[in-house]
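Here is a friendly walk through one protein chain, from single residues up to the whole fold. Keep the viewer open and follow along as each residue comes up.

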Amino acid sequence: MAKRNLINLESGSKAFDVKPLLLNVSLGISEGERIGVVGRNGGGKSTLLKVLAGIEPLDEGRVSRASNVRVGMLSQTDSAAPGATVRDVVLGDAAAHEWAGNTGVRDVLHGLFGGFGDEILDRDFHALSGGERRRVNLAKLLIEDLDLLLLDEPTNHLDVEGVAWLANHIKTRTNLSVVIITHDRWFLDEVSDYIFEVVDGEVKQYDGGYSAYVLSKAERQRQIGVENSKREMLVRKELAWLRRGAPARTAKPKFRIEAANTLIENEPPVRNDAELLNFATNRLGKTVYECQHISLAAGEKQLLDDVYWNIGPADRIGIVGVNGSGKTTLMRTLVGEHKVSAGKLVTGITVKPAFLSQHLAELNPEWRVLEAVEHVAKYVEIGSGKELSASQLCERLGFDRESQWTPVGDLSGGERRRLQLTRLLMDSPNVLLLDEPTNDFDVETLTALEDLLDTFAGTLLVISHDRYFLERVCTRFVGLMGDGTLRDLPGGVDEYLRLRADNQVQESKVEVKSSVSNAALARDAKKEIAKIEKQIEKARSLEAELQIAQVEYATEHEKLADVLQQLATVNARIEDLEEQWLVTSSLYEQHSQQL
């Protein structure tokens, strides 16, 4: 049976000022399709989604929808009414017993918030961080009954577990069509059936996920004779890594990676680790950092307890962990911005660190991009006698010759972050600490950054929710497990997720342990639920009677006042009963799952 076509874009064109973003683009989206959208920042990806959502009008062409198609969009701007809570935004006016009995709703709340208690749902939306607001709006969309979901960077501000949960959730919603803009290439491989590349006003379409897209793009460029271009070399290097460096990933794409051998047969290894180690040892010595039974705290919260950890020259370490486990605090401690509460931190005497934090450093807004970089240095050595000028390094990280003369004050958040990283690298550090470096970077810039980091002959420490980036640039992994421990992860991110899942199972078993059998507790809770539901039904009947009386006595002030007082009492009673229902239902579900 043919799938229903949901939305069509026919000969669509859209420009801002004199810059064309879409030029005579035609495409369609059918029921159940999962489409990943890639392209350079500012190239028209978000505009394409807004056109499909009906938010942005076309200059030419038209968008047509099938009847009764329900479309929702997650944009990069978040809004809600003044005073709105998380509950208001996500659940609206739904009564507690209505949404709490829905397993799909509970799954979304657990997956994105870790639960659905009052301490979570009653938070003021406008007091949340930008990342938390994105989670709230994403939860609202996932709970709604939609046919087509348009997501603009949904994985930003999600941790590794959150990204894995979202990928699994989307895969289980078989009838839901999804169009996703994201730079997270692991996520693209997990959920995408097709890739749309927005480039030079066109939307080029590829079958499969990100890995299949890399192969198809390399083959397409080979056929049109642009093998020697800089962009083609990066694609070939990416393809070489897919084949040689990540055997677990090569099983995922919908193609045989061996078909690409002719494209990359002369490609050297992604990086020469032996050469980098020799260079790093000469510059750093044998000691970089030694954490000798250290403990870390943030206020009264204990983050790490009695941790021994040795970091050596040329180590390339990915750091993963639950939110609030102390990843950023650990990095700040290594660079001297935070003190250990116990133990000893030894830093090698030749260590010259550079720390890319999640916060943008203030720069003179009147400086040009190139000026801001040259204020640090005009040339930088990147290893093995190779040298880059400030302008060349800018170009490697996405600032072409023209944009290098852009005033800093005119840069976007993503561009400022690229500039911050460029300035750090120009200072010739031998230890590079990167805290979420992939935020706001497009896929092409990420590929260029990975290529640059391949030549970095120092020690590299990376915190990131981007699994693909971590696996691409790191050779070792450690996890902060949220219990004060730091653990080596020979199996990488997959091992971390398995350990976290095991821990959550164990924690769940501890919580439900009781001298009374779970079966008995579940039976008692079920009886209590039935009792409360009868009381709610009775209270709602009385509420309906009082509402009729309210109209009847509209002109009799004394009787009306009495009715209104009774109505307020009944409404308060209903709210109390619904809260009791929610608590009891949670207990019933908890005990039932342990049977």
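Val380 is buried, at 4% relative accessibility, where buried means under 20% relative accessible area, exposed means over 50% and partly exposed falls in between (1.4 Å probe, protein chains only). Val380 sits in strand β15, which covers residues 379-383. Helices (H or I, at least four residues) and strands (E, at least two) are DSSP runs, numbered from the N terminus. The model is a predicted one, in which local features need pLDDT of at least 70 and side-chain atom pairs count only at pLDDT 80 or more, while totals for chains, interfaces and linings use all residues. Residues are numbered from 1 along each chain as its sequence is written, and side-chain values use heavy atoms, with hydrogens and water left out.

Which residues does Val380 contact, leaving aside its neighbours within four places in sequence? They are Lys386, Glu387, Leu388, Leu393, Leu425, Met426 and Ser428, with contact meaning heavy atoms within 4.5 Å. Ser428 is 48 residues from Val380 in sequence, yet their C-alpha atoms are 6.1 Å apart in space.

Now turn to a pair of helices. Helix α4 (residues 103-113) packs with helix α6 (residues 130-143) at an angle of about 160°, and their axes are 10 Å apart. These axes are lines fitted to C-alpha atoms, for helices over the stretch in contact, and angles run from 0 to 180 degrees between N-to-C directions. The two helices are therefore roughly antiparallel to each other; that label applies to angles over 145 degrees, while under 35 counts as roughly parallel, 65 to 115 as roughly perpendicular and the rest as oblique. On the α4 side the contact is made by Val105, Val108, Leu109, Leu112 and Phe113, and on the α6 side by Arg135, Val136, Leu138, Ala139, Leu142 and Ile143. These residues divide into 10 nonpolar, no polar and one charged. Here Ala, Val, Leu, Ile, Met, Phe, Trp, Tyr, Cys and Pro count as nonpolar, Asp, Glu, Lys and Arg as charged, and the others, Gly among them, as polar.

Trp165, in helix α7 (residues 160-172), is buried at 15% relative accessibility. Not counting residues up to four places away in sequence, Trp165 touches Asp107, Val108, Gly111, Leu112 and Leu142. Asp107 and Trp165 are 58 residues apart along the chain, with 9.8 Å between their C-alpha atoms.

Is helix α1 mostly covered or mostly uncovered? Helix α1 (residues 45-53) is mostly covered, with seven of its nine residues buried. Those buried residues are Lys45, Thr47, Leu48, Leu49, Val51, Leu52 and Ala53.

Ser11 has one of about 50° and belongs to strand β1 (residues 5-16), where Ser11 is partly exposed with a relative accessible area of 35%. For Asp306 the phi is about 55°; Asp306 lies in strand β11 (residues 301-311) and is partly exposed at 48% relative accessibility.

Leu489 lies in the loop between β20 (486-488) and α20 (492-512). With a relative accessible area of 3%, Leu489 is buried. Its contacts, leaving aside neighbours within four places in sequence, are Val320, Phe477, Val478, Gly479, Glu495, Tyr496 and Leu499. Val320 is 169 residues away along the chain, while the C-alpha atoms of Leu489 and Val320 are separated by 9.7 Å.

Ala298, in strand β10 (residues 289-298), is partly exposed at 37% relative accessibility. Ala298 and Thr329 are 31 residues apart in sequence and 8.0 Å apart in space, C-alpha to C-alpha.

## Cysteines and the whole chain

How many disulfides does a search of the whole structure find? It finds zero, taking a disulfide as a pair of cysteine sulfur atoms within 2.5 Å. Cys291 is buried, with a relative accessible area of 1%, and Cys474 is buried at 5%.

Stepping back, the chain has 22 helices and 20 strands. Of its 595 residues, 50% count as buried. Among contacts between residues at least 6 apart in sequence, 69% join residues at least 24 apart.
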